[in-house]
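Try each task before reading its solution.

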Amino acid sequence: MASPEDNERELILQVATRLFAALGHDGVSIGQIGEAAGLNTAAITPHFPTKRHLYLAVMERAQQALTSVIDNRAGDLKAASPEERPAALHRFIDGYIDLCVEHPEVPALWMHRWLSDASDIEELESLSAQPLAHYAIDGIAALAESAHADALFTTYTMVWCIQGFSLSGVLDTTGQRRGPSDPEALRRFRAHMHQLLDRLLDLTPSAEPPSDN
């Protein structure tokens, strides 16, 4: 059973995650987090002495969510036989899409970093994001080599597209924004990503040779 201290810490983390994802590290103060959580600053500092400590804890949780998806699927992709590669690639793509749809705070937090949010906290890229990204790239590399594709940019193409769709969706013909909450838009996007990566990595089945009959 969680203690009151654990519950309070979890509340702070949840509120901070929501605010950092919406406004970025640089746009949020400890006071704002406390106010949103119904706590004063003095109640936050025993758990997180500074905003930096709190931000690192939020990003560590986001990284754990990414790791839970990428570790297994990238490993499966790297180990897949040629016949199994299309299905393994689709599981990799779908796992990343599902993560971003179910936990939009994860791509939102990293999108802020892409825009130089919390630029004074540099260790996140070198200690967590870079090793995880290269593990994903290693999984794609097994397929990219035979297709003469760039494994680095193929992997980031997937990341950029999925994070972009999960956060902003697309505009339909009427000007309405359709994103992950729209089942049909999500289905089409998933199918598109399968097709895009299949073609980039030359995994589409070749046409049947013409019959002599």
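**Exercise 1.** Determine which handedness the crossing of α4 and α7 has.

Solution. The crossing of α4 and α7 is left-handed (the near helix is turned anticlockwise from the far one by less than a right angle; clockwise would be right-handed). This is a predicted model: local features need pLDDT of at least 70, side-chain atom pairs count only at pLDDT 80 or more, and totals for chains, interfaces and linings use all residues. Residues are numbered from 1 along each chain as its sequence is written, and side-chain values use heavy atoms, without hydrogens and water.

Next, take the geometry. Helix α4 covers residues 51-79 and helix α7 residues 123-147; they pack at about 15°, axes 10 Å apart. So α4 is roughly parallel to α7 (angles under 35 degrees count as such).

Last, sort the contact residues. There are 15 nonpolar, five polar and five charged.

**Exercise 2.** Classify the packing of α1 against α4.

Solution. Start with the angle: about 85°, with the axes 10 Å apart. The two helices are therefore roughly perpendicular (65 to 115 degrees).

Then list the contact (heavy atoms within 4.5 Å). From α1 come Glu10, Ile12, Leu13, Ala16, Thr17 and Phe20. From α4 come Lys51, Leu54, Tyr55, Ala57, Val58 and Arg61. They divide into eight nonpolar, one polar and three charged.

Terms used. Axes are lines fitted to C-alpha atoms, for helices over the stretch in contact, and angles run from 0 to 180 degrees between N-to-C directions. Helices (H or I, at least four residues) and strands (E, at least two) are DSSP runs, numbered from the N terminus. Angles under 35 degrees count as roughly parallel, over 145 as roughly antiparallel, 65 to 115 as roughly perpendicular and the rest as oblique. Ala, Val, Leu, Ile, Met, Phe, Trp, Tyr, Cys and Pro count as nonpolar, Asp, Glu, Lys and Arg as charged, and the others, Gly among them, as polar.
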